[in-house]
Amino acid sequence: MVTTRKESSTRSGLADPELGNTLDLLLAPIARLCLARGLNFAAAVELLKHSYVGAARAVHAGRHGPRDIARVSAATGISRREVTRISNELVAPSVVRGSPATKVFTRWAGSVRLRDRNGWPKPLRRHGRAPSFEALSYSVTHDIHPTVILDELCRLGLTRHDADSGLVHLLRDAFAPHEDQGRALSFLGSNVGDHLSAAVENVLADKPRHLEQAIFADELSEQSMAQVRSLVGAQWRSMLSELVPKLEALIEADRVAGSRARQRVRIGLYSFHTDMAEQTAAPEKG
């Protein structure tokens, strides 16, 4: 069978139809999120205008004045009046940095010394010398009391404190704050934003600068998919325990050397699964 789809008049009029196909794939989940959160089309268009103007201004960073407004207007197709208004409203997007609580979580989940023989995080005594939750917390920060950090991790559903035994248990090996919608959206923006930035830079650059690869497979049963999820989880735990200590060692080495440390990195692993698209036969010509 041959799968066919009628090309829209909008896409057929594009100078780069492949770009239209790509944007279809990128915008569909964004539209779904906007609809789910009650963001109407007019509001989404306003956000897109801001992104267009911000991207065009970044090309001519440091330039201001009427000529810059004209350049941005010509590049984006947005009127000069609108470019002026939006330029006065632009605020640089904030990069969400890990909170002390999430840093404690990451260090615990990524530490080989804090894992049992099966590779799962060990429960920790709440107080006392290492290994304990108190010592782990102080290894990250002395500015916030371990009790405050523990309360936040429990609120996020990442840990559980057993008052009878005095042990703190790590409940997950991956940080995905579904219970806190505000934090979940920040997590989505930061993770997917960096991933998309890496992919776009690779497409636009003469030579790819970032690792951006994926494995694809289809024709899998539900039973096989359950095994895939287990395999991916194991790969994540392995990557976490391998990379976190090395990243921390590099940070400490830069600190000791007094190096200018202005670079950041995000290293992720994702998986997605859904039903395969139904194949439809090509329409018969009469």
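**Exercise 1. Find which strands helix α8 lies across, and at what angle it runs to β2.**
Step 1: helix α8 spans residues 146–155. Helices are DSSP runs of H or I with at least four residues, strands are runs of E with at least two, and both are numbered from the N terminus.
Step 2: this helix lies across β2 and β3.
Step 3: α8 runs at about 120° to β2; axes are lines fitted to C-alpha atoms, for helices over the stretch in contact (heavy atoms within 4.5 Å), and angles run from 0 to 180 degrees between N-to-C directions.

The model here is predicted, so local features need pLDDT of at least 70 and side-chain atom pairs 80 or more, while totals for chains, interfaces and linings use all residues. Residues count from 1 along each chain as its sequence is written, and side-chain values use heavy atoms, leaving out hydrogens and water.

**Exercise 2. Work out the strand order of the sheet.**
Step 1: β2 (residues 159–162) and β3 (residues 167–170) are antiparallel, joined by 4 bridges; strands pair if DSSP finds at least two bridges between them.
Step 2: Thr159 has Leu170 as its bridge partner in β3.
Step 3: β1 and β3 share 2 bridges, again antiparallel, and Arg125 sits opposite Leu167.
Step 4: that gives an open sheet ordered β1-β3-β2, with β1 and β2 as its edge strands.

**Exercise 3. Say which residue takes a positive phi in the hairpin of β2 and β3.**
Step 1: this hairpin has 4 residues between its strands.
Step 2: Gly166 is the one, with phi near 75°.
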